Amino acid sequence: MKKKLKIIEYFLLIMIAVLSFEIINRAIKNQQSKKELESVLEEFEDNLADVPDNDEFGEEVDETSTSKLDDPTNLNPTNIKIGGKTVVGKIRISSVGLALPILSETDGEAMYITCVQFAGEVNKPGNLVLAGHRTKDGFMFFGKISNAKIGSTLQITGTDGNVVTYTVTKNYVVDETDTSILKQNTDGKRMVTLFTCIKDQPTKRSVVVAVEK
């Protein structure tokens, strides 16, 4: 009997050690991911300082002169990539402590880097739909969007340096098959829709909608 108890204790100790390792390893990876994203955001902000003011592209510009718009590579002036994916903007929701770069690619690899541009265009009329993963501990990317309150604000910064502020109008849950959140008919208004999965509810999605006001 004592031998069996010792064996059980031995296996319990192994299980505790494995679980402890997993928790520590996840915490380290989360911290590394946070630092990498913070570094990308800093680079994004630094590069925006080199983007010309809107006046440079106004009516007074000499059409015979060489403009940065003549160069296709300058359609994304920040020219920043993460893991080979293109950064097209930044989202910030100060009320829930969220600040992330936005990627144009929507593949699975991109979604494990940060949030992605699922539909629409950054700060253009229509519905900019952003998708982001979350983890059970609430860290990964969009883990805290469900905490955004009606009336709070979020900001989207484009690669042109323009910052647009949106006000949260809806915070709700939909079925994973609900495609209405992708609609683009906004009567010319600029709108942002965020969505992510929900802990222990694999067929549901948490959705936050914000409109420019």
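Helices (H or I, at least four residues) and strands (E, at least two) are DSSP runs, numbered from the N terminus. Two strands are taken to pair if DSSP finds at least two bridges between them. The structure is a predicted model, in which local features need pLDDT of at least 70 and side-chain atom pairs count only at pLDDT 80 or more, while totals for chains, interfaces and linings use all residues. Residues are numbered from 1 along each chain as its sequence is written, and side-chain values use heavy atoms, with hydrogens and water left out.

Strand 2 is described with its pairings. In the hairpin of strand 2 and strand 3, 4 residues lie between the strands, and Gly97 takes a positive phi near 65°. Strand 2 and strand 3 (residues 98-103) run antiparallel and are joined by 6 bridges. Within this pairing, Arg92 has Ala99 of strand 3 as its bridge partner. Strand 1 (residues 81-82) is also antiparallel to strand 2, with 2 bridges between them. Here Lys81 stands opposite Thr86 of strand 2. The hairpin of strand 1 and strand 2 has 2 residues between the strands, and in this hairpin Gly83 adopts a positive phi near 55°. A further 4 bridges connect strand 2 with strand 6 (residues 153-158), again in an antiparallel arrangement. Ile91 is paired in strand 6 with Ile156 as its bridge partner.

The burial of strand 2 was then considered. A residue is called buried under 20% relative accessible area, exposed over 50%, and partly exposed in between (1.4 Å probe, protein chains only). Of the 9 residues of strand 2 (residues 85-93), 8 are buried, so this strand is largely enclosed by the rest of the structure. In general, nonpolar side chains of soluble globular proteins tend to be buried together.

A nonpolar core is a set of buried Ala, Val, Leu, Ile, Met, Phe, Trp, Tyr and Cys residues joined through side-chain atoms within 4.5 Å. The largest such core has 24 residues, and those with the most contacts inside it are Ile91, Leu130, Ile156 and Leu194. At least two residues of this core come from each of strand 2, strand 3, strand 5 (126-131), strand 6, strand 7 (163-175), strand 8 (190-198) and strand 9 (201-212). A second, separate core of 18 residues includes Met111, Val129, Met191 and Val211. Contact is defined as heavy atoms within 4.5 Å. When neighbours within four places in sequence are left aside, the residues in contact with Ile156 include Ile91, Ile102, Val122, Leu128, Leu130, Val164, Tyr166 and Val192.

Charged pairs were counted next. A salt bridge is a side-chain nitrogen of Lys or Arg within 4 Å of a carboxyl oxygen of Asp or Glu. By this rule the model has 5 salt bridges. One of them joins the side chains of Asp107 and Lys85, at 3.1 Å from N to O. This pair links distant parts of the chain, since Asp107 is in the loop between strand 3 and helix 2 (108-111), whereas Lys85 is in strand 2, 22 residues apart. Lys85 counts as buried at 11% relative accessibility, while Asp107 is partly exposed, with a relative accessible area of 29%.

Another salt bridge lies between the side chains of Lys204 and Asp175 (2.5 Å, N to O). Lys204 in strand 9 and Asp175 in strand 7 are 29 residues apart, and the pair links distant parts of the chain. Lys204 is partly exposed at 27% relative accessibility, and Asp175 is partly exposed at 38%. Glu176 forms a salt bridge with Arg205, with the closest N and O atoms 3.3 Å apart. Glu176 lies in the loop between strand 7 and strand 8 and Arg205 in strand 9, so this pair ties together parts 29 residues apart in sequence. Glu176 is partly exposed, with a relative accessible area of 44%.

Thr167 lies in strand 7 and is buried, with a relative accessible area of 18%. Not counting residues up to four places away in sequence, Thr167 touches Gly151, Ser152, Thr153, Val209, Ala210, Val211 and Lys213. Lys170 also lies in strand 7, but Lys170 is partly exposed, with a relative accessible area of 47%.
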